[in-house]
Amino acid sequence: MRRILIGSIVVALIGGMTARGVAAAPGCDAIRAEKAKVYGYHLAQMSEAQIEAKTKELDAFWKQVQAAGPDGVTCIRGLLAEEKTDHVFQFDAAQMLFPADKSPETLKLIRDALVQADFTESDPANFLELALDLSQAGMDVSALGAKLLLYPNATIHISEHSLDLDADSAALFVYGSMDPVQASNALIELLKAPESFVRSAAAHLLAEEMTEEGFRALSKWAGMNEVEEEFRQNDIRAIMKYKAPNPEDYAHPKFTREQVLETIAGLPHTRKEFDEVMATKGAAFDQKMRDSKATQQQIAKAVAESLPIYGVADHTAFLTSAVATLQPADFATIREARRKALYNVSDESFSEYLAYTQIMIGMLNRLDLFKEYRSH
């Protein structure tokens, strides 16, 4: 708890890093001198009393940076560019800079600093959330995903959503939010990693990308027998092996291809968009359920049979219609919708990713896509 508390100080102060300054704002020399005094510590070597004292020092330091306004941001950016060994400062500075400066140069600086993170000193949950933010900003974050895969026994706790992730699931948010071809090429390289657990995880994630590059690489990969985990084997085989669908399952879709594509195109992916949908379509659906005095079971049934409002998960009729009506040209559209669904680190985003994956696997089999790479 103490480790996370220290790491959260920067996050708590981010909201204050605005353009405002104060009359006696400290200069960069003062910030640099204070940084040299405050950082350079290692939590594993500190007692509870020392950690408590360090927390107060860090609080004072970042308030000093905050007081400097834009000059403080500029100073921290320079200090981060100079820093090569203090991974705790690199992590904290990266968290502070992201909301304050989203220029391409600064985003690259943040990404390269984050690669140096030490998970014994910094919270991997904050690492994952910042990695996803960078990915959504268009950065190549494959090195951050690889770092998570080298953390094999991880339990990454996302307190805001009461969600616990292992390294595989955490890396899925990183690679799954990237450009699919870029992610696939990075994962193909990891099939040659010296660690067997990294190779296995990379194969699992590569299969889920469902790109031509990934199918081609996995069809030639000789390491499948090395994948010990049954869940990984099952997931890879579900994608790499053709399974003839039951025609009756898709004989009577409730929604048309046009309805499916239009609905997916209109789903929200930002907090603002969610709030707007919640105030309109969501409010109308909730009112309808209240007016009909629907039970929880009836509400669940209504969701399963209706067009999605917030996301496709749990909309059974919609998922079936998507598989039944979509065409090969739509496969990339669904993959892109899945990528955009990873808008934050939450169980809701994860559920959306899995629901789109379900559609994609259904399309693979109904349309026999990528047949030259899949076993029959």
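**Figure 1. D368 sits in the segment after α19 (347–367).** This is a predicted model, in which local features need pLDDT of at least 70, side-chain atom pairs count only at pLDDT 80 or more, and totals for chains, interfaces and linings use all residues. Residues are numbered from 1 along each chain as its sequence is written, and side-chain values use heavy atoms, with hydrogens and water left out. Helices (DSSP runs of H or I, at least four residues) and strands (runs of E, at least two) are numbered from the N terminus. D368 is not glycine, yet its phi is positive, near 50°. Most residues other than glycine have a negative phi. D368 is buried, at 18% relative accessible area. Buried means under 20%, exposed over 50%, and partly exposed in between, with a 1.4 Å probe and protein chains only.

**Figure 2. S162 lies in the loop between two strands, β1 (156–158) and β2 (163–165).** Its phi is near 50°, again a positive value in a residue other than glycine. Is S162 buried or exposed? S162 is exposed, with a relative accessible area of 64%.

**Figure 3. A disulfide joins C28 to C75.** The sulfur atoms are 2.1 Å apart; the rule asks for a pair of cysteine sulfur atoms within 2.5 Å. The count by this rule is 1 disulfide. The link of C28 and C75 is right-handed, with 80° about the S-S bond. C28 belongs to helix α2 (residues 28–38) and C75 to helix α4 (residues 70–82), so the pair ties together parts 47 residues apart in sequence. C28 is partly exposed at 31% relative accessible area. C75 is buried at 3%.

**Figure 4. F274 and Y310 form a stacked ring pair.** Rings of Phe, Tyr and Trp (its six-membered ring) pair if their centres lie within 6.5 Å; planes under 30 degrees apart count as stacked, over 60 as edge-to-face and the rest as tilted. The structure holds 13 aromatic pairs. In the pair of F274 and Y310, the centres are 6.4 Å apart and the planes meet at 5°, so the pair counts as stacked. The pair links distant parts of the chain, 36 residues apart. F274 is in helix α15 (residues 271–291), while Y310 is in the loop between α16 (296–305) and α17 (316–325). F274 is buried, at 9% relative accessible area. Y310 is partly exposed, at 32%.

**Figure 5. Five aromatic residues form a cluster.** Which residues do ring pairs link here? They are Y39, Y41, F61, W62 and F89.

**Figure 6. A341 lies in helix α18 (residues 331–341).** A341 counts as buried, at 4% relative accessibility. Neighbours within four places in sequence aside, A341 is in contact with H269, S349, E352 and Y356. Contact means heavy atoms within 4.5 Å. A341 and H269 are 72 residues apart in sequence. Their C-alpha atoms are 6.4 Å apart in space.

**Figure 7. The whole chain comes to 19 helices and 2 strands.** Its C-alpha atoms fill a box of roughly 70 × 60 × 35 Å along the principal axes. Of its 376 residues, 49% count as buried. Among contacts between residues at least 6 apart in sequence, 71% join residues at least 24 apart.
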